[in-house]
Amino acid sequence: MNGLDILTDRYGANPAGLIPFDGDDNPALLPYATLTDARRRDSTADLSALVGVYEWQSNPLMFLVDGDMIDGDQTRLSRMRRRIALRGDAHYLGVIQAGRLIVHQVALESGPIDGSRIDAPVAEGIVLPYLANERPRALVAQKHWISEVILALLNAALRELIAAELDHGDAISLAGRALFARFLCDRDLMPPGVFEPGEQHRLFDDPHKAARTSAWLDTTFNGDFLPLTPGLPERMSAQACKPLADIMRRAPAGRLYLGWEQKWDYLDFSQIPVGVLSQAYEGYLRRHRAGEQKKQSGYYTPRPIAEVLVRGALAAQEPVDRTRPPRVLDPAVGGGVFLITAFRQLVAERWAASGERPNTRTLRDILYTQLTGFDIDEAALRFAALGLYLSAIELDPSPEPVTKLRFDDNLRDRVLWKVGDLGETNSDARLGSLGPAVGEEHAGRYDVVVGNPPWTGAGRLKGWPKVLDRIAHIAKERLGPNYPSPPLPNEVPDLAFLWRAMEWCCDDGRIALALSARMLFQQGDGMPEARAAIFSALDITGVVNGADLRKTNVWPGISAPFCLLFARNRVPPPGSGFRFLSPRLEQGLNRAGVMRVDPTSAEIVSARQIVERPTILKTLFRGTRLDLELISRIEAKGYPTLKQYWRELFPSDRGGSPSTRNGYQRLRPSSRIRKGGDGLPGVPADYLNGLPDLGVGGIRSLAIDVSMLKPFRLARLHDPRPRSLFRAPLAIVQEAPPVARRRISAAVSTRDIVYNESYYGYSAHGHPLAQQLTRYVALFLQSNFSLWHALVTSGKFAVERDAIEKETTIDQIPIPPLAGFQPEDMKRIDLLFEELAADNRDESWSNLDTWVFSLFGLQQRNVQSIEDTLACNLPFSANQKLAQEQASADEVSTFSRMLEEELRPWAEPLGADLVVAAIPSQQGLGPWNVLRVSAVEAGGQAPPTDDRKDWEQVIRLADRMAASEIVAPVPAARSILIARLQQRRYWTSSQARLLAERIVWEHLDDLGGGSRT
């Protein structure tokens, strides 16, 4: 194995992740076909020394070089590093020589190879787990990642073509044809008859050559290959030929330059996988046509996201009709990244099943019979066609002679379907896949529906009622004729695609889609009902919640929270549940474009729970099962929500004027002219003029000093706000909590004031205890209890924004009514208010929290759970940083004591003491801390905590599963070893309690020596 065994024996590699390149060809090598084929073609070339790859979570982490074969040739190693960088997947290159592993960072930039060396500050036995989990210097590599380079070059080329007065579609087709020719040339597949000897790079230098090359491509492949306006190449100007000629430029003799510049001739398309091109194409659509992309709600999909969805769907897929291979549909195909990923996966599965690598004919069969894509965008379909054509050639084990690669059938209307037109005003044409262009012939046809459909609102399309009718029909078929039509809040198309996927997918088939995470968390606008309908109609099997990873390199350019949903196309059977997994923000991994998908941390949630408790997923996302239990206990006390309480105190018979609402909105372009009004947009605001205006500066103190406010002077407002809303005394809440305070911000005004839409107001005017009531509300909402309740129940706060909405969050917080207060509690309100109004000391805030917690009868362990959740899961940067910091020795010690205390009641049945000990961190555990829990005879000694063989094995196991925690039994020693990531979020008192529960339920027998007494 060319010394590869040293990686498992000495450096902590997971044996299952090690893929050698020598030996028999097999399906595991298919993602690396460009490398392995090049090695076979020329055994003396640089890549002959490339002997394998090490994968983490089924993605390449490090390519491996036999150091003896390069014999210290640093120039050759630099070229190999560049070739690996051109793939855009692995972050590291490992050189194995003389029993040692030397690691280099992979990147496209030039510079001495020694400057790329990485020294891991951990014990040898966990070097590879450390690299996988920490990704040192991976961000530097990301700056020059190949997909971004190709995207920049493609953008420039298409801009030049369009500037030369070419139609956008023709520009895309010409650039695609040049890329196709460059792909063939770099892989030595272009036959000599197409060019003069040594002139491969001149195939598009002038209109005559461009026309000749295009004609050859059409003849050799087929007529729908990137269509052009008839006669176009011959009519092109020299200006139009230049960007095409640039695409064809390559280094002399095809050898890489040692330096680096962002130019076409520094690339080698024999090493760049087709998936990289597809990702670049989708990136082009996003950037070049940003306006249309926004209208279509289209976002490009990173390859790792596509691979997670495709692998998950196909791995779980069990075709009902086993006489045929599975058929895959992407209903919003874009640049084709999902179909290309599925193509490769289906080829690997066919290979594994038959024992033979699929040949040209079999590849065509897979392409034409197993893949289908819909889209409304002509440019996207052309990019997808190019990617599929190139994939069929890339996956071919014997692609020569190139003439045998002809595609006898068109892709259009067989593999790729144009299902609408962005340029049409016809309402049906704008609906795309959701409209009647996708007819009954596609119903139940596909075993797998996978993709990334549009997320944002459909823009009030004229044909939207047809979509609603279709969704209603699907819902009634699955849930019964009396089930109400499920809403599609805000006309979000991703939910419509999910419903239509139930129709396109065959019974018991698989659905895997990237969706907006608002589907999981949003509480208003009918989303709870929409969510309940979906989880009642479809057997969801797993959800990966990516909301914590928005604005990271996991999905570059996306600020919206996302999720990955996996389902089996059937109504969920009784008692069914799904795994809910929320990857956490980890800067090292996320900056490298990687997320930790840790199945051991998933929570099991049932469809029934989704219906009965609409906030359950948010609670499990920002909290734990302890928070869920606490929410249930608080609800059981029967206190009204703030909204219910206020309605009881101020019923609606008060002249129809509400006493609580958002503040005024300024006049805006959308302000309407009202019937019976004065003929101007909006409404007159003179009835508020002269009142003090809270303005936009935020709340600065608990008691508002009205003398510091400027008078309201606006002439008109967007919508009317009743005068009663601004009557004192007022409790006013600021929509966005100040980052520095990290509490909901509220204040009291004893005089009438006005406030804008950035605030919520509660007027207690006319109540017999008005002053104390407003003080109470302001104090209560600023407590950690209220912030915690908002964090674990709000559909927007800590999901997609840091503001806390009134209707679905603030108003839903349970509040003990004043009517049940004792005299000392009423006095406490005034004392706390005056204390906090006079100063801003931590002690005063702590007194407030203690009092509010006491109103609910919370015990110290409940308070500790709330404080742990707030410390590690608030969306503010300080909390995010704290959650990821390394736990201190004191924190690990406190965690160990808490764990031991929680386990103590179970020691007596075991007839032994339960002892928790930490392995000293100076032994080089990398990103983990390791504990040993042992059952020892009373007065006996616990086993040693420095047994390297044991703890290294546990860490390797954790790395194999990409886990945040691993519990490994050692029954013979009546012990269990526990490896946990060092991040502070995993070393709180609440986490110790949760770990103790798992040990009791799952590992008590191991501590008992094999049998529970």
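Predicted model: local features only at pLDDT ≥ 70, side-chain atom pairs only at ≥ 80, totals over all residues.

Colleague: Which residues line the largest cavity?
Modeller: The lining is made by Asp548, Leu585, Arg622, Cys872, Asn873, Leu874, Pro875, Gln880, Ala883 and Arg985. Two elements, α32 (860-873) and α33 (877-884), each give two or more residues to that lining.

Colleague: How much space lies in the largest cavity?
Modeller: About 80 Å³.

Colleague: And how many cavities of 30 Å³ or more are there?
Modeller: The count comes to five.

Colleague: OK, switching to the backbone. Where is the peptide bond from glutamate 400 cis?
Modeller: It is cis going into proline 401, with omega near -5 degrees. Proline 401 sits in the loop between α17 (378-394) and β9 (416-418).

Colleague: What joins alanine 728 and proline 729?
Modeller: A cis peptide bond, with omega about -5 degrees. Proline 729 lies in the loop between β20 (716-717) and β21 (730-734).

Colleague: What about phi of alanine 98?
Modeller: Phi there is near 55 degrees, which is positive in a residue other than glycine. Alanine 98 belongs to the loop between β4 (92-97) and β5 (100-105).

Colleague: Is alanine 98 buried or exposed?
Modeller: Exposed, because its relative accessible area is 74% and the cut-off for exposed is over 50%.

Colleague: And arginine 974, what is its phi?
Modeller: Near 50 degrees, again a positive value in a residue other than glycine. Arginine 974 is in the loop between β26 (965-970) and β27 (975-981).

Colleague: Buried or exposed, that arginine 974?
Modeller: Buried. Arginine 974 has a relative accessible area of 19%, and buried means under 20%.

Colleague: New topic. Where is glycine 690?
Modeller: In the loop between β17 (683-684) and β18 (692-693).

Colleague: Which residues does glycine 690 touch?
Modeller: Pro711, Phe712 and Arg713, leaving aside residues up to four places away in sequence.

Colleague: How far apart are glycine 690 and alanine 107?
Modeller: They are 63 Å apart in space, C-alpha to C-alpha, and 583 residues apart in sequence.

Technical notes. Residues numbered from 1 in each chain as written. Heavy atoms only, no water. 1 Å grid on protein atoms, 1.4 Å probe; cavity = no way out; pocket = protein on both sides within 12 Å on 5 of 7 lines; lining within 4 Å. Points joined across faces, edges and corners; volume = space filled by probe spheres on them. Helix = DSSP H or I, 4+ residues; strand = E, 2+ residues; numbered from the N terminus. Contact = heavy atoms within 4.5 Å. Buried < 20%, exposed > 50% of the residue type's maximum accessible area, 1.4 Å probe, protein only.
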